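Please examine the sequence and the coordinates before reading the solutions.

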Amino acid sequence: MQFIENKLKIALQAGQMQIGCWLMTGSPLATEICASSGFDWVLIDMEHTPNDVPQVLSLVHAASAYSASIAVRAPWNDAVMLKRLLDMGVQTIMVPNIRNREEAEAAVAAVRYPPRGIRGVSGNSRSNRFGRIKDYFDKADDHICLIAQIETPMGKDNVEEIAAVDGIDCLFVGPADLAADLGYLGKNANPTPQAAMKDVIERTVKAGCAAGILAFDETEAKKWLNEGATFVAVVGDGFLLSRGMDAIVRSFKGTE
């Protein structure tokens, strides 16, 4: 059986725009609808959702029939959790709240096999198609796409050293947490956090690393794309469902 290359990682390395959808509902049907819509990628969130490992596997199954690349945001920078996601066959992982070089290096070590890292070895998992991909161990490390979230002033200050870590493919701004840590909880649009987000993206691109951000407003998303971000989440399943339902109710009942 042939090794499966990570087309998302290849696209980011080439500087190609990759537009994605954030999955939070935990619904396999919603996942399938989103994955079949033409997005470059879908991301299954474990940090701010009830999604646990078995449920994530069901969502991976739902998305796998379609062309969208599949990413998962782990709940934390935990080597055991990252190992389980990798063995599940997830090739692109986002790790929350990376603040410095040491934390970035720990994440990289967790997704690489010895001697380059500490990933445990399973010869019979979904990632290597249950032992059928004979050259999996030769190629696996080079096709893991690791995305580090920048969500604090410390992470912002250390953009260059994080981006320079071998194995980090993208720095992704967490707008809500960065705004909160700057004293603007729930006020992402304030000029101060907006300036911080812009600074992270500009310095990440200047450092030669792909930059990403979550922006569910079309105008804002296009602004960040123009600033150099190439990995942008432009909508989420839960966000779309709630806002769409609200709009329909307003159209009939005139309520706010």
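Predicted model: local features only at pLDDT ≥ 70, side-chain atom pairs only at ≥ 80, totals over all residues.

Residues are numbered from 1 along each chain as its sequence is written, and side-chain values use heavy atoms, without hydrogens and water.

**Exercise 1.** Determine which way the residues of strand β4 point and whether they are buried or exposed.

Solution. Strands (E, at least two residues) are DSSP runs numbered from the N terminus, as are helices (H or I, at least four). β4 covers residues 92-95. Thr92 and Met94 point one way, Ile93 and Val95 the other. All are buried, that is, under 20% relative accessible area with a 1.4 Å probe and protein chains only.

**Exercise 2.** Identify the strands with which β4 pairs.

Solution. Pairing requires at least two DSSP bridges between two strands. Step one: β3 (residues 69-73) is parallel to β4 over three bridges, and Arg73 stands opposite Met94. Step two: β5 (residues 145-150) pairs with β4 in the parallel sense over four bridges, with Cys145 as the bridge partner of Thr92. Step three: the closed barrel has eight strands in the order β1-β2-β3-β4-β5-β6-β7-β8, with parallel pairing.

**Exercise 3.** Compare the reach of helix α12 with its expected span.

Solution. α12 (residues 237-253) has 17 residues. The expected span is 1.5 Å times one less than the number of residues, here 24 Å. The helix reaches 24 Å from first to last C-alpha, close to that expectation. Just after α12, Gly254 has a positive phi of about 65 degrees.

Note on methods:
Buried < 20%, exposed > 50% of the residue type's maximum accessible area, 1.4 Å probe, protein only.
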